[in-house]
Amino acid sequence: MDDLYHPRILELAADIPHLGRLDAPDGASTKVSRVCGSVVTVELSLKDGAVSAIAVHPKACALGQAATGVLAMHAIGATPAEIREARDGLKAMLKDGSLPPGGRFWELRHLEGVRDYPARHASTMLAFDAACSALDAAEAAPK
C-alpha cells in the first residue's frame, strides 16, 4: 500500500489550490462516495469556452484530495472537453488498465497505483465526476 501514498500523492493532497466557494458559479456539483463517505464539491465558471474560475471543497481521503488537487491546479483555461477527457482517461486507467491521461492533467499518472485497489476508485474519481456534472449544469443553464 506504500505505492498508493507516495510523496507526490501526499504533496498533491496537502496543497490543493482554489479551496472554498465561488460567489456566482455557472455550475456546481457535489459527489459522495458511498464506499467511504468522501465528499467533493466543485464550482466553476466558464468564459469563452473554457474554465475561467474554479473552487473546490474536498472532504476526502488522500487519494480523493490528490485528484482534487490535480483538477484544481490545471482546470483554469481548460475546455470542458479536456476535463471530460481527463475524467474518462482516469476512469479507464483505474478500471481498464489504460495509460494515464496526458495533457494538462498529466499528474493523474501519480494515481496509477490505485488501479489495484477497486474500493478506492470511487473516491479517486470524485473531483472529476463532480467537475463534469458542474460543467453539465453550466452548459444547461439559461444564458
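In this predicted model, L108 is in contact with V70, A86, L90, M93, P101 and F128, when its neighbours within four places in sequence are left aside. L108 also belongs to the largest nonpolar core, a set of 39 residues in which L108 is listed with V42, L71, I83, F105, L111 and F128 as having the most contacts inside the core. At least two residues of this core are supplied by each of α1 (7-14), β2, β3 (50-59), α2 (62-74), α3 (80-96) and α4, and the greatest contribution, 10 residues, is that of α4.

Strand β2 (residues 39-47) pairs with strand β1 (residues 27-32) in the antiparallel sense, the pairing extending over six bridges, and among the individual partners K31 is bridged to V40 in β2. Six residues lie between the two strands of this hairpin, where G37 adopts a positive phi near 85°.

Within strand β1 is found S29, which is counted as buried because its relative accessible area of 12% falls under the 20% cut-off. Beyond its neighbours within four places in sequence, S29 is in contact with V40, T41, V42, A130, S133 and A134. In the case of A134, the C-alpha atoms of the two residues are separated by 4.9 Å, although S29 and A134 are 105 residues apart along the chain.

Note on methods:
Residues are numbered from 1 along each chain as its sequence is written. This is a predicted model: local features need pLDDT of at least 70, side-chain atom pairs count only at pLDDT 80 or more; totals for chains, interfaces and linings use all residues. Side-chain values use heavy atoms; hydrogens and water are left out. Two strands pair if DSSP finds at least two bridges between them. Helices (H or I, at least four residues) and strands (E, at least two) are DSSP runs, numbered from the N terminus. Buried means under 20% relative accessible area, exposed over 50%, partly exposed in between (1.4 Å probe, protein chains only). Contact means heavy atoms within 4.5 Å. A nonpolar core is a set of buried Ala, Val, Leu, Ile, Met, Phe, Trp, Tyr and Cys residues joined through side-chain atoms within 4.5 Å.
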